[in-house]
Amino acid sequence: MRVFLLVLVIALSGFGCSKFAKVQKSTDYDYKLRMADQYYAKKKYHLAQQLYEELFPLLKGNEKFEDVYYKFAYCAYYMRDYLNAENLFKGFTEVFPTSKRAEEMEYMRAYTYFRQSPKVELDQTNSQKAIGLMQAFINTHPGSERNKEASEIIDKLRVKLETKELKSAELYYNLGQFKAAAIAFANLMENYPDSDKSDSYKLNVIRSYFEYATLSIDEKKAERFEKVVEECNEFNDRFPESEHRKDVENYLNLSQNNIKAIKNEQVKTSA
């Protein structure tokens, strides 16, 4: 029974290949287009794509060209060839700028970059491009029904970018590069001002500067503990209700005590 099924599958496969080869060889371009559309409807995108590509130069200027271009672009997308799909979606809007499908193609171009957005640990160039194109889409199509999804995608990607920056800042801290960590956490606050983690980032700025001051040479310690005090005061002004207030108060007291101890030692030394 298994042997029979295997033979049947091979036979049907061979028949399918033979049929497609005949379609490819046909000089009846209307027939070839009908078959391409049939393959597309049946989600056999690799076959439809080949036929559309052959028909491309023959249909330029023809009323059918827009539909062929549209489906050809989607063939690449459905086959997860996002680089090619992005180029084709963009090309569609350039060739058919007044088409009723142009808005859809603009959105899909941005969406291909979203589909190429990698894991947090990897380079996020595609995420940044997706955000830029999605925002441009929203700006140029204020009434589009796609704007809600576009906004959700932007939010999702910004969370990813924020997470990547956070991991980078934490790595600096864990490696003992405390000044670099402080700057990185401060940049997080600046780049994501609406983040619900802003007070946590500020605490890490304080913590990093405190460690940096503690490890500094004696001549620099007072100045660097003053920086911690400044950051603590900024925290209290900006986040009066934060759950991290006690931690910040602790760093503030420790820094002020260190400054007093350093000044007392300087007085003794000069006496």
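This is a predicted model: local features need pLDDT of at least 70, side-chain atom pairs count only at pLDDT 80 or more; totals for chains, interfaces and linings use all residues.

Residues are numbered from 1 along each chain as its sequence is written, and side-chain values use heavy atoms, with hydrogens and water left out.

Let me start with the helices, which are DSSP runs of H or I with at least four residues, numbered from the N terminus. Helix α8, residues 147–174, packs with helix α10, residues 198–214, at an angle of about 20 degrees, and their axes are 11 Å apart. The axes are lines fitted to C-alpha atoms over the stretch in contact, and angles run from 0 to 180 degrees between N-to-C directions. The two helices, α8 and α10, are therefore roughly parallel to each other, a term for angles under 35 degrees.

Which residues meet in this packing of α8 and α10? From α8 they are Glu162, Leu166 and Tyr173, and from α10 they are Tyr201, Arg207, Ser208 and Glu211, where contact means heavy atoms within 4.5 Å. By class, the contact of α8 with α10 has three nonpolar, one polar and three charged residues.

I turn now to charge pairs. Side chains of opposite charge can pair when their charged atoms come close. The structure holds eleven salt bridges, each a side-chain nitrogen of Lys or Arg within 4 Å of a carboxyl oxygen of Asp or Glu.

One of them joins Lys32 and Glu54, with the closest N and O atoms 3.1 Å apart. Lys32 lies in helix α2 (residues 29–41) and Glu54 in helix α3 (residues 45–59), so this pair ties together parts that are 22 residues apart in sequence. Lys32 counts as buried, at 4% relative accessibility, whereas Glu54 is partly exposed, at 29%. Buried means under 20% relative accessible area, exposed over 50%, and partly exposed in between, for a 1.4 Å probe and protein chains only.

Asp67 forms a salt bridge with Lys71, at 3.1 Å from N to O. Both Asp67 and Lys71 lie in helix α4 (residues 65–78), four residues apart, about one turn of the helix. Asp67 also forms a salt bridge with Arg101, the closest N and O atoms being 3.0 Å apart. Arg101 sits in the loop between α5 (82–95) and α6 (102–115), and this pair links parts of the chain 34 residues apart.

Note on methods
Angles under 35 degrees count as roughly parallel, over 145 as roughly antiparallel, 65 to 115 as roughly perpendicular and the rest as oblique. Ala, Val, Leu, Ile, Met, Phe, Trp, Tyr, Cys and Pro count as nonpolar, Asp, Glu, Lys and Arg as charged, and the others, Gly among them, as polar.
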